[in-house]
Amino acid sequence: MNVVDLEKRQARGERIRNIIGVIILAGAFLWSAAEVAYLTFGPRGESNLLGTNKKVIRIAHWQLEGGYVPGLEKAMREYEKLHPDVAVEQIPIPERAYGQWVQTQLMGRTAPDLIEMKDWFSASMVVRYFVPLTDKIDKPNSYNDGTDLAGVPWRDTYIDGMVAGYRTDLQDYYGMPTSCFTFRCFANADILKKVAGISEPPHDLTGFLALCQKIQDYARDNRVKMVPIAASDYTAGLFHRFYQSSGLYPLIAITDVDMDGTLTNGERLLAEFGGKINITTDPHWEATHKLLYELCRYYNPGFLAARRDDAVFLFTQGNAAMFAAGSWDAGSIRSLVENKFPVKVFDFPVPAPGEKYSNVIKDRVGEAGMTGGVFGLSKFSRNPEIAVDFMRFLTSQKANADVNRAWSWFPAIRGITPDENLKPFEPKVEGVFSPYDDTGIGDDTILRYNQAYKAFISTIPDEKMDYEVWLDKHYKEFVHQVDADFKQYMFKDFETNWKNAYSGGVQTEASLSVIRARAVHEGMTPELSHNLLALTLGQVRRMQVRAVDWSQYEEAKKFAAKDEQNAAAKGGSAP
Amino acid sequence: VKTVTLRQLRHRWGLYLLILPALALIGIFEYYPAISAGYHSFYRWNGDDISEYVGWKNFIDAFHDAVFGKSFYLVSILILANFVKMVPSIITAVVIHRLTSERWRYYYRVLFVIPMIIPDMVWLLIWKYFYNPTVGALNAILNISVSATNPDASLMGLLKWADSTTGLPWVASALSPYTYIILAMLVVGIVLWIVGHRQDNGLRWFGILATAIALVMLAGEFAWPRTTGAFSSGSPSWLGQSELIVPSLIFWGFPWVGVVSVLLYLAGLANIGQDIYDAAEIDGCGWFRKFWNIELPLILTQVRLNLILMIIGTLQGWGLNFILLGDDGGPSGVGMVPGLYMFHKAFGAMEAGYAVAIGLVLFFLTLILTLVNNRYVRVQK
């Protein structure tokens, strides 16, 4: 073969290789385009698996605890056996990214049918993207047929009347709870015995704080890596939630002007600007936050930068004497410490009468209405009826018992005997109840509160000063900062929330128009009538709440203006 | 520049057609979002259905927003720190370049490529573990004591002492006695400097040294103006206490030898011919003069490129702060950078209109800094 032939041959080979490359590239591009087109324009809500015509329900959650995913998977397969034309898929998302993921999916209209709801989902978000369920929950759950809950309205099959699914700010049911959650402390019994010579953890706050101090001293004197309480920003939040509810509950009697047991943003404004509460001098605020500061002294250093897993690791490795967690962690913690050390579970301690803080923190927080694991129905669900039906199945007496046993969680439905290991987590209904929240009412106030609170609890006491004097000074700096931020940003937050929630209501109005149009054209059916009534009632209730909220906002504005005038007359600026 | 006539364009239309898909993709995924951001920055927009025209309000709010303003304070510190952190990469590249063995030079280049395949998340976890106050390596190293009985005979003890000595009058309860010593040292140093300069003797150098030390210590006093007690427990919480967060972010990545930067500088250094070094040798240039007069000027193109990328990266970066401190920037929000605030507003507060306004402010700032960089960092060809 001569050189020219060889070159020709090489050129031909190169051409063929190029063509193959182009074919592969074009093939991949066309395949992707076809896949996207099919998913976008294809039959709505049908399986994307070729060759099947199943209706698909997608359920998103952030529960990555051991046992949750397989437990739900088993329930999904059982449901599919009952409904061979339905396929259920679950989408587990890590908790840290969950909020952003859900928001992006909702905005992109690609959200799953059922979405586990975070308690911070705002009214404007819920009203805009989730379906009100009030018209659905007063019908019996057919999956309970043959049990003692047969014929009982779905709502009443819950141990707390489905209260976690109700949004007071929207005056409608938007969520379907699946489990019941309580918070408890865990203690390493070996450490308690070794360091303090006790076999049971103390139930009073003074005893608890003394134990923490003893463990801290022991660790320092013996140079061992041990902390009294394993914490992360998440678990520290559990203490904060408990003690702020317990310590600030008397404030609800002052701030809840319509006495409906809830606190609206308008009521918060009135409280802040109308002179009902002065947080800078309020004894409940002071005692609660000082107690929270004291507790933080016994957490592992750097707990604010630690993750939930870090705290679990610290406790299960025997490097921490105690740990706070929800009942959802009970199963995984028990399995992690098995054969390592015995664990005692106990309630968050409250001060005994006459003890420090007992003038403010008088009782534990009642655990009525502690259902959680709430799933909402997305407005973009392609098969809303099937999605709700799946939730009915999941919250039927039998399925709820099975699934919660697999999760090691407390069931949300009446008549189920919980697992023996969960006995310490059984909800205790006696105690105080407070919806008063010391954080803000919208993004600007909440962000600033969180920044100030984190700085407050993470600052180390000045050793050159008397501790009590220093803590007093430190608390005052914190509370004045929070007060100034509240004064500056509360109105803005209120206005933003109010406007956004209103535009969500416009969407409901559009849904009502569709139902009315269908009634006109197709004739009024009992189902349409039921939906129309439920949606209208919800809308009317919301309008009423909004009107009251606005009048309280106007009132608070007047108070703020008066404060400014008074301050100007005195030659200073408004507080 | 060759001009393409319409006739040629018509003749070669097939070729121009080939660039259309790329142009379309750039248009859809780069320019359309940018134009949309510009448009929505004038709206109260939630990224979805709420869209109300508000004029310049988002920009005015941004300029009055204390959190946003404070985030620029942090980002300025980080840019300055990152500027200093560029030096180790340059030094490392020069040292590798000067290796006489070609084989060893190759091995070092390979060694610098290997870390590139390690995912960023692994680096992040390694550093997070390093800073862990309870089981982390940093506190363990700082706590190594030279005395079996005195734990304070360690670097941690030194930090504890330094922390306890600081205190400026406007932030601390009392002026630290050490501040008086530093001020006295500064005065003595300046006096010795002046006297030595007039008499033209060695006192001048003592004066310069004392002044320099006093100034460094005074800068330390300003950077760390009050006793925090952060080290008193022996296990400081590097990422959980407001005073330690910024130093921890600056120390992050020590010894700050950037893999890509070193390879870039090496590529630049490879272009310097041996004849230049030979000429420098004949002229009697030492190792520093070779670096200062030959190597550094000739890799200034790469330095400028790295500088621009560093400024853009620092101004727009937020992922590290988000993962380490959450979207509120940690205690007192000290870890809040503009990018993180933009993310928080877009995905936490659903104030997408405000977030894109922040994004545009960042864009113009980056543009200005890049133009300044191009204008004033001159490259010797």
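Predicted model: local features only at pLDDT ≥ 70, side-chain atom pairs only at ≥ 80, totals over all residues.
1. Three helices of chain B, α5 (66-84), α18 (319-325) and α19 (338-348), each contribute at least two residues to the side that touches chain A. The most comes from α19(B), which gives seven residues. By residue class, that side of chain B divides into 21 nonpolar, 18 polar and ten charged residues.

2. Salt bridges. The count between chain B and chain A is six. One salt bridge is formed by the side chains of B:Asp328 and A:Lys454, with an N to O distance of 3.1 Å.

3. Extent of the interface. On the chain B side, 49 residues are in contact with 37 residues of chain A. The two chains bury about 3,600 Å² between them, and carbon and sulfur atoms give 49% of this area. Within chain B, the residues that lose the most area to chain A are B:Thr134, B:Phe347 and B:Met350, which together make up 16% of what that side buries.

4. A sheet in chain A. Three strands form an open sheet in the order β12-β7-β14 (chain A), and their pairing is antiparallel. The edges are β12 (371-372) and β14 (410-411) of chain A, each of which pairs on one side only. Strand β7 (residues 179-180) of chain A is joined to β12(A) by two bridges, with the strands running antiparallel. A:Ser179 has A:Gly372, in β12(A), as its bridge partner.

Key. Residues numbered from 1 in each chain as written. Chains lettered and ligands numbered in written order. Heavy atoms only, no water. Contact = heavy atoms within 4.5 Å. Buried area = accessible area lost by both parts, 1.4 Å probe. Salt bridge = Lys/Arg side-chain N within 4 Å of Asp/Glu carboxyl O. Helix = DSSP H or I, 4+ residues; strand = E, 2+ residues; numbered from the N terminus. Nonpolar A, V, L, I, M, F, W, Y, C, P; charged D, E, K, R; others polar. Pairing = 2+ DSSP bridges.
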